[in-house]
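Here is my note on the model, written as numbered points so that you can follow each one against the display. Please keep the structure in view as you read.

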Amino acid sequence: MNLKNLFLRANYKEIIRLGKEHAATLSADERVFFLAALAFLGHDTDAELELKKYGKKLNPDQECVSRFFLAVGYARKGNFAKALPLLIRNLRGSTTKTASATQKFYAFQGVGFFRHLQSRYRLSLKWASLAYEIAYLEDEPLGKILSGDLKAHGLQATGRFGEAMALFSSVAQQAREQGNKNFADSIEISLLCLRSRLGLLEKAEAALAQKLHSLKIHNTYSKTEILIELLRLKNLKGRGHDFSALFQKAIALAEKHGQRRHRVNLLCRKSYF
């Protein structure tokens with residue numbers, strides 16, 4: 001089994017199936033991506049138990065990667081109290097003389113991701129850029145995608161829209177070349193939403209709706225992102241009935257999957273209506 005390749009292709013359910021089926025014989029590398037898949041699909045309690053049970057059998061690189069993905073799983077649900085200590089441990093580990101490029105990458109990427117969630121976008125961009133540089137120097141495909149996406153969001157948030165669109169496009173293409181439709185879809189959605197907000201997307205509602213219907217069932221985070229932008233467009237056009245029906249669908253999705261950040265954005269959209 002090569003669970004990392006399956007992870008690169010976003011086959012998270014298959015990873016979990018294989019991980020449970022071969023739980024007693026998973027290698028340390030396989031266990032890292034089993035944990036990562038659990039975290040990505042919202043099974044953070046199971047992922048935490050996995051790390052507690054097998055963490056001592058992992059080497060420093062594997063333990064760092066595991067902490068990163070578990071922290072991302074917690075943070076995406078708004079559980080910063082559990083995410084932050086994991087990211088701090090990684091950052092401390094990255095300052096030692098023996099720290100590897102892998103440890104530094106996931107430490108910097110983790111800090112950048114957390115700063116982004118705090119809306120401290122300039123700091124997020126700084127850390128994402130450091131992680132992006134390491135990923136390219138090490139020619140790490142997954143690292144390029146993760147840090148490129150985060151850096152593009154930082155560029156967008158700091159008003160560098162042209163650079164952001166170019167990087168979103170480049171990283172989405174890399175994800176497709178790696179066979180990772182899920183990451184590619186998520187990044188392309190960020191690009192579509194940005195182009196829509198800038199008035200650069202022709203037939204924006206139709207384009208966003210088409211992308212929404214093409215998403216995999218488990219990509220709920222990106223689905224909510226599209227719904228938020230569709231709500232903005234309907235609000236601008238004064239389509240109250242459409243807005244109300246879509247808002248109920250979006251807020252239910254965000255609450256079901258613990259998307260606290262999206263929930264706040266949705267309530268802000270409603271406040272403008």
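1. Before the helix pairs are discussed, one convention is needed: an axis is a line fitted to C-alpha atoms, for helices over the stretch in contact, and angles run from 0 to 180 degrees between N-to-C directions. Helices (H or I, at least four residues) and strands (E, at least two) are DSSP runs, numbered from the N terminus. The model is predicted, so local features need pLDDT of at least 70 and side-chain atom pairs count only at pLDDT 80 or more, while totals for chains, interfaces and linings use all residues. Residues are numbered from 1 along each chain as its sequence is written, and side-chain values use heavy atoms, with hydrogens and water left out.

2. Helix H6 (residues 80-94) and helix H7 (residues 101-117) pack at an angle of about 145°, and their axes are 8 Å apart. Their crossing is left-handed, a term used if the near helix is turned anticlockwise from the far one by less than a right angle, with right-handed used if it is turned clockwise. On the H6 side the contact (heavy atoms within 4.5 Å) includes Phe80, Leu84, Leu87 and Leu91, and on the H7 side Tyr106, Phe108, Val111 and Phe114 are among the residues that take part. By class, this contact holds 10 nonpolar residues, five polar and one charged, where Ala, Val, Leu, Ile, Met, Phe, Trp, Tyr, Cys and Pro count as nonpolar, Asp, Glu, Lys and Arg as charged, and the others, Gly among them, as polar.

3. H6 also packs against H5, at an angle of about 155° and with the axes 8 Å apart. That angle makes H5 roughly antiparallel to H6; angles under 35 degrees count as roughly parallel, over 145 as roughly antiparallel, 65 to 115 as roughly perpendicular and the rest as oblique. The crossing of H5 and H6 is left-handed. Residues of H5 including Arg67, Phe68, Leu70 and Tyr74 meet residues of H6 including Phe80, Lys82, Leu86 and Arg89. The contact of H5 with H6 has 10 nonpolar, one polar and four charged residues.

4. A further pair to inspect is H11 with helix H12 (residues 204-214), which pack at an angle of about 165° with their axes 11 Å apart. H11 and H12 are therefore roughly antiparallel to each other, and their crossing is left-handed. Lys181, Asp185, Glu188, Ile189, Leu192, Cys193 and Ser196 of H11 make the contact with Ala204, Leu208, Lys211 and Ser214 of H12. These divide into five nonpolar, two polar and four charged residues.

5. How many of the 13 residues of H3 are buried? The number is 11, and H3 is thus mostly covered; buried means under 20% relative accessible area, exposed over 50%, and partly exposed in between (1.4 Å probe, protein chains only). Among the buried residues are Arg31, Phe33, Leu35 and Phe40, and what covers the buried residues of H3 includes helix H1 (3-8), helix H4 (44-54) and helix H9 (141-157). Helix H3 (residues 28-40) reaches 19 Å from its first C-alpha to its last, close to the 18 Å expected, the expected span being 1.5 Å times one less than the number of residues.

6. Most residues other than glycine have a negative phi, and most peptide bonds are trans. Ser119 is not a glycine, yet has a positive phi of about 65°; Ser119 lies in the loop between H7 and helix H8 (121-138) and, at 40% relative accessibility, counts as partly exposed. Asp139, also not a glycine, has a positive phi of about 50°; Asp139 sits in the loop between H8 and H9 and counts as exposed at 52% relative accessibility.

7. Where does Ala175 lie? Ala175 is found in helix H10 (residues 161-177), and it is buried, with a relative accessible area of 0%. Leaving aside neighbours within four places in sequence, Ala175 is in contact with Ile145, Asn180, Phe183 and Ala184. The C-alpha atoms of Ala175 and Tyr74, 101 residues apart along the chain, are separated by 24 Å.
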